[in-house]
Amino acid sequence: SHEANKNVTIVTTKFTNFSSPKVQYYQTTTINMSGILQGAKDTLNSVSETIQGKGAEASHEANKNVAKSGDADLSTRATAAKDAIGDKMDQKSHEAKSEAYDAKAGNK
């Protein structure tokens with residue numbers, strides 16, 4: 001299998017040796033693209049986990065309100081209470097994953 005070159009070399013400066021004009025020197029900088037791409041991927045994963053965590057948080061609050069409501073029957077309230085607990089667990093899981101991706105990407 002063919003593996004793509006993960007490094008990019010950029011020529012930043014050209015020097016000419018004036019004692020021998022036919023000799024030129026180049027200053028180069030090599031950038032490891034795999035590290036940059038991994039950091040971008042980790043940042044996007046962190047954003048995704050944050051969004052999912054916010055969704056779980058909103059669902060938790062809605063279910064908590066139904067569970068506390070006097071307008072809903074007992075079965076509906078019990079189901080909402082159970083779902084609120086699951087939503088809170090999901091929220092905390094997504095928050096932890098987001099923080100881990102942030103740390104891996106060097107964002108925090």
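Predicted model: local features only at pLDDT ≥ 70, side-chain atom pairs only at ≥ 80, totals over all residues.
Five salt bridges turn up when the whole structure is searched.

One of the salt bridges joins the side chains of Asp42 and Lys104, with 3.8 Å from N to O. This pair ties together distant parts of the chain: Asp42 belongs to helix H1, which covers residues 33-68, while Lys104 belongs to helix H2, which covers residues 74-105, and 62 residues separate the two. The two partners also differ in their surroundings. Asp42 has a relative accessibility of 2%, and because buried means under 20%, Asp42 counts as buried. Lys104 has a relative accessibility of 56%, and because exposed means over 50%, Lys104 counts as exposed.

Another salt bridge stays inside a helix. The side chains of Glu57 and Lys54 meet at 3.7 Å, again taken from N to O. Both residues lie in helix H1, three residues apart, which is about one turn of the helix. Glu57 is partly exposed, at 30% relative accessibility, and Lys54 is exposed, its relative accessible area being 53%.

Helix H2 holds a pair of this kind too. Here the side chains of Glu95 and Lys92 form a salt bridge of 3.7 Å, N to O. Glu95 and Lys92 are both in helix H2 and are three residues apart, about one turn of the helix. Glu95 counts as partly exposed, with a relative accessibility of 30%. Lys92 is likewise partly exposed, at a relative accessible area of 46%, because that value falls between the 20% limit for buried and the 50% limit for exposed.

How do the two helices lie against each other? Two packed helices are described by the angle between their axes and the distance between the axes. For H1 and H2 the angle is about 160 degrees, and the axes are 7 Å apart. Angles over 145 degrees count as roughly antiparallel, so H1 and H2 are roughly antiparallel to each other. Their crossing is left-handed. Sorted by class, the residues in the contact of H1 with H2 are eight nonpolar, 15 polar and 13 charged.

A further residue to look at is Asp102, which is placed in helix H2. Asp102 has a relative accessible area of 11% and is therefore buried.

Now for the chain as a whole. The chain contains two helices and two strands, and from the N terminus on its elements follow the order β-β-α-α. The chain has 108 residues, and buried residues make up 15% of them.

The average pLDDT is 85, and 77% of the residues score at least 70. Confidence is highest in H2, at a mean of 96, and lowest in strand E1, residues 7-16, where the mean is 65. Helix H2 is also the element that contains Lys104, partner of Asp42 in helix H1, as well as the pair of Glu95 and Lys92.

Notes
Residues numbered from 1 in each chain as written. Heavy atoms only, no water. Salt bridge = Lys/Arg side-chain N within 4 Å of Asp/Glu carboxyl O. Helix = DSSP H or I, 4+ residues; strand = E, 2+ residues; numbered from the N terminus. Buried < 20%, exposed > 50% of the residue type's maximum accessible area, 1.4 Å probe, protein only. Axes fitted to C-alpha atoms, helices over the stretch in contact; angles between N-to-C directions. Parallel < 35°, antiparallel > 145°, perpendicular 65-115°, else oblique. Left-handed = near helix turned anticlockwise from the far one by under 90°. Nonpolar A, V, L, I, M, F, W, Y, C, P; charged D, E, K, R; others polar. pLDDT = per-residue confidence, 0-100.
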